[in-house]
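Please look over the sequence and the model below before reading on.

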Amino acid sequence: FFQAEDGIRDRDVTGVQTCALPILTDGPDDIMEYVRGWPLVYAMGAPESVIEAFEKVWEGHLRQFGRARIPGVELAMTVLHAGAPLLSDASPVGRASGLVVDPTRGDRMLPVECWYPIDPARATPPAVYDLLPGTGFTSAGAFDAPPADGRWPLVLFSHGRTGTRIAYTLLCEAIASTGCVVVSADHPGDTLIDFALEIAVDDATNERQRVDDLRLVLDAALGAVDGIPAEVRAAIDPTRVAAAGHSYGGYTALGLAAGAHGAPDARVRAVVGLQAYTRALTDADLGRVVVPTLLSVAARDTTTPPEVDADRPWAGIAAADTRRVDVADAAHQACSDVGLYAELAPQVPDLPQNLRDYLEDTAADTRAPGMRGWRDAVTLQARIVTGFLDEVLGIDPARGAATLDAVGADPQVTLRRRDA
């Protein structure tokens, strides 16, 4: 037994773990440990390419473990850089981790990541996200610092299929920088490792679990259950809550507001769907979405095509204030960190070829001819989201209106608004 590594770094997270069951993770390498490390992967008969990746994962985790606990010993660590914050006027934000456990679902564990406003004077040291074993990248604008005084709107963020809670760091940092607490959780059964090992759950189970996960994270953020650092909970304004997500995460956010698996959650005051997967929502579900809603649509999205996943919710959502933003030169990964990962990959020593291929394939649509560059694409999505939230959550309505006016002036963007 040994203490969980995030229990050392994060002020309000403690516990023990064995190599069989981590209680908290801080990156893709730790997420892989849910399968007890590479020896079990070998025993399960995984392909050689997967076994090679897991060997490196386990080796990297042991290096992290030793580096965190042996005073004065520095082990090799490649630290890359995410670049500047997406928003030029961004304020620095803090980052903290937690773990939410649901005893009603077999102690289902949801690792969570939190971003929040901080005092600029405390903007040091920069946070480092663990990307791969022995490799991390410094954040664009997040720091290991406590929240600033005050209470801020809460934005729940749900990752897409095969994603993780830290697959949208640039976007989540940008949202937090405008005056929000952002909380993102993993959805076990629908992460990259679940698909790599062919243990992902079926769609019906995934949809139910996702909505229940997001509801539980909201409970934790508002203090009904444990798992989110106390100082982060104290910084949240419970009267201003938005649910947001990308792809299947868009389904999750809409499903929570609609009561797709249970009653509509009245605590949610706004919804954001980014390239949202909506075909699993019924017309009745959409008709129960009555809070201000934003649909950000990528015209060249072949995963959630507009004619399949945007047109019907645009017509069917019952909210009095519904916005739709179509971007002509964007595709499905317009808001994620995938472009960043692919850009950093050549700098990663000994990156397994299967992981390199996965990143290249996933990021391919960000590099196609005529596409907006990946960083510009994520920046645009950040402006769309923050402008909307500024208005509907009352963060800074004048700033929000100006932001959306500027977005609408982009010749590749069509902005529509429907008021009941």
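**From the whole chain to one serine**

Of the contacts in the chain with a separation of 6 or more, 74% are between residues 24 or more positions apart, where contact means heavy atoms within 4.5 Å. This is a predicted model, in which local features need pLDDT of at least 70 and side-chain atom pairs count only at pLDDT 80 or more, while totals for chains, interfaces and linings use all residues. Residues are numbered from 1 along each chain as its sequence is written, and side-chain values use heavy atoms, with hydrogens and water left out. The chain holds 16 helices and 14 strands, which are DSSP runs numbered from the N terminus (helices H or I, at least four residues; strands E, at least two). Of its 420 residues, 58% are buried, a word that stands for under 20% relative accessible area, with exposed meaning over 50% and partly exposed lying in between (1.4 Å probe, protein chains only).

In soluble globular proteins, nonpolar side chains tend to be buried together. Here the largest nonpolar core has 56 residues, and Phe137, Val182 and Leu389 are those with the most contacts inside it; such a core is a set of buried Ala, Val, Leu, Ile, Met, Phe, Trp, Tyr and Cys residues joined through side-chain atoms within 4.5 Å. Helix α15 (residues 374-392) gives this core its largest share, 8 residues. A second, separate core of 48 residues includes Ala96, Leu154, Leu216 and Val271. Leaving aside neighbours within four places in sequence, Phe137 is in contact with residues including Leu80, Tyr129, Thr169, Leu340 and Leu344.

Thr169 belongs to helix α5 (residues 169-177), and Thr169 is buried there, as are Leu170, Cys172, Glu173 and Ser177, among others.

What space is left inside? A search of the whole structure finds 3 cavities of 30 Å³ or more. A cavity is a set of points on a 1 Å grid over the protein atoms alone where a 1.4 Å probe fits but cannot get out, and its lining residues have an atom within 4 Å of a point; grid points are joined across faces, edges and corners, and a volume is the space filled by probe spheres set on the points. The largest cavity holds about 70 Å³ of space, and of the 14 residues that line it, Ala276, Ser296, Val297, Asp309 and Ala310 are the closest to its centre. Strand β12 (293-298) and helix α11 (306-309) each supply at least two residues of this lining, and β12 gives the largest share, 4 residues.

The second largest cavity holds about 60 Å³, and its lining includes Asp329, Gln333, Asp365, Arg372 and Trp374.

Gln333 leads on to Ser336, whose side chain makes a polar contact with the side chain of Gln333 at 2.6 Å. A polar contact is a pair of N or O atoms within 3.5 Å; within protein, one must be able to donate a hydrogen and the other to accept it, and residues adjacent in sequence count only if both atoms are side-chain atoms. A polar atom of the Ser336 side chain also lies 3.2 Å from the backbone nitrogen of Val338. Ser336 sits in the loop between β13 (321-327) and α13 (338-344), and Ser336 counts as buried because its relative accessibility is 2%. Not counting residues up to four places away in sequence, Ser336 touches Ala167, Tyr168 and Val378.

Conventions:
1 Å grid on protein atoms, 1.4 Å probe; cavity = no way out; pocket = protein on both sides within 12 Å on 5 of 7 lines; lining within 4 Å.
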